[in-house]
Amino acid sequence: MDLTSRMVALLGKMRRERNGAVADSMELRGCASGLNYGVSLPTVRKIACGEEADHEFARMLWQQDVRELRLAALHLADASKVEAEEEFWAGGIADGETAEEAAFALLSRMEGFGPLFGKWCASEKPLLRYAALLGAARSGEVTPDWIPTALEAVHAPASGLDALLVAQGGVAMLAAVAESGEEAKAEVARVVRGLGDTPSDNLLREELLWRLEY
């Protein structure tokens with residue numbers, strides 16, 4: 001079966017799970033895809049994981065203006081090729097859901113995530129910073145040395161929902177650092193107590209201090 005036929009078959013599986021009400025609500029929340037069947041994320045993941053991993057197929061799906069196909073692409077791509085193709089994958093992260101799934105399904109599978117983490121945290125695009133922070137939280141490679149980069153990402157210009165998302169990504173990443181050992185936990189506590197008084201700083205402080213008590 002060629003790639004186009006595989007894509008049509010996969011799209012058929014997604015369409016059978018469509019939920020119009022969910023699709024409408026997602027459109028109101030700013031879903032970036034042109035076509036959205038409203039399939040639940042667990043169902044998208046289940047269908048995607050039933051497909052054979054294929055990087056070229058994943059690249060093809062990522063270029064489609066269909067929410068479910070683009071989310072499935074993140075599960076089928078070869079994580080070892082992402083850094084070399086980072087502009088291609090970065091270009092498709094256009095909403096919070098895609099950023100979150102990229103971190104969960106693709107970035108977390110990368111080995112040697114540090115260089116891409118640093119690059120995306122320095123991006124002018126808040127959603128790339130959000131994806132990088134969530135990816136770091138899931139990578140298993142995160143260390144206290146990554147904290148300054150994370151804080152720079154959180155403090156870089158962003159507004160509205162984007163600023164909130166990046167701050168939440170910072171919370172996830174710093175929490176992951178704290179869970180890596182007692183010394184790391186103490187360093188996170190020190191950094192958090194020294195934060196300023198911006199909305200992002202306040203969110204980090206409020207979300208992390210109570211976690212550090214346990």
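Me: What should I know before I start?
Reply: This is a predicted model, where local features need pLDDT of at least 70, side-chain atom pairs count only at pLDDT 80 or more, and totals for chains, interfaces and linings use all residues. Residues are numbered from 1 along each chain as its sequence is written, and side-chain values use heavy atoms, with hydrogens and water left out.

Me: How do you know how many helices and strands the protein chain has?
Reply: Helices are DSSP runs of H or I with at least four residues, strands are DSSP runs of E with at least two, and both are numbered from the N terminus. By that rule the protein chain has 13 helices and zero strands. Its pattern along the sequence reads α-α-α-α-α-α-α-α-α-α-α-α-α.

Me: What makes the radius of gyration of the protein chain agree with that of a compact globule?
Reply: The radius is taken over C-alpha atoms, and the globule rule is 2.2 Å times the number of residues to the power 0.38. For 214 residues a compact globule would have a value near 17 Å, and the protein chain has 18 Å, so the two agree. Along the principal axes, the C-alpha atoms fill a box of roughly 55 × 35 × 30 Å.

Me: Why is W120 called buried?
Reply: Buried means under 20% relative accessible area, exposed means over 50%, and partly exposed lies in between (1.4 Å probe, protein chains only). W120 has a relative accessible area of 3%, so W120 is buried. This residue sits in helix α8 (residues 114–121). Across the protein chain, buried residues make up 49% of the 214 residues.

Me: Which residues does W120 contact, apart from its neighbours within four places in sequence?
Reply: Contact means heavy atoms within 4.5 Å. With those neighbours left aside, W120 is in contact with E86, A90, I93, L107, L128, R129, A131 and A132.

Me: What makes a group of residues a nonpolar core?
Reply: It is a set of buried Ala, Val, Leu, Ile, Met, Phe, Trp, Tyr and Cys residues joined through side-chain atoms within 4.5 Å. The largest such core here has 73 residues, and L61, I93, F117, W120, L133 and M173 touch the most other members. Helix α11 (residues 160–178) gives the most to this core, with ten residues. In soluble globular proteins, nonpolar side chains tend to be buried together. As for L61, leaving out residues up to four places away in sequence, it touches M7, L10, L69, R70, A72, A73 and L76.

Me: How do you know whether H55 is buried or exposed?
Reply: Its relative accessible area is 8%, so H55 is buried. Not counting residues up to four places away in sequence, H55 touches L76, A77, D78, K81, E85 and W89. H55 and P199 are 144 residues apart in sequence and 40 Å apart in space, C-alpha to C-alpha.

Me: What about E51: buried or exposed?
Reply: E51 has a relative accessible area of 16%, so E51 is buried. This residue is in the loop between α3 (41–49) and α4. Setting aside neighbours within four places in sequence, E51 is in contact with R6, L10, K13, F57 and L76.

Me: Why do S200 and E206 get their labels?
Reply: S200 is in helix α13 (residues 199–212), and E206 is found in helix α13 too. With a relative accessible area of 13%, S200 is buried. E206 has 58% relative accessibility, so E206 counts as exposed. Not counting residues up to four places away in sequence, S200 touches V154, A163 and A167. The C-alpha atoms of S200 and L165 are separated by 9.8 Å, and these residues are 35 apart along the chain.
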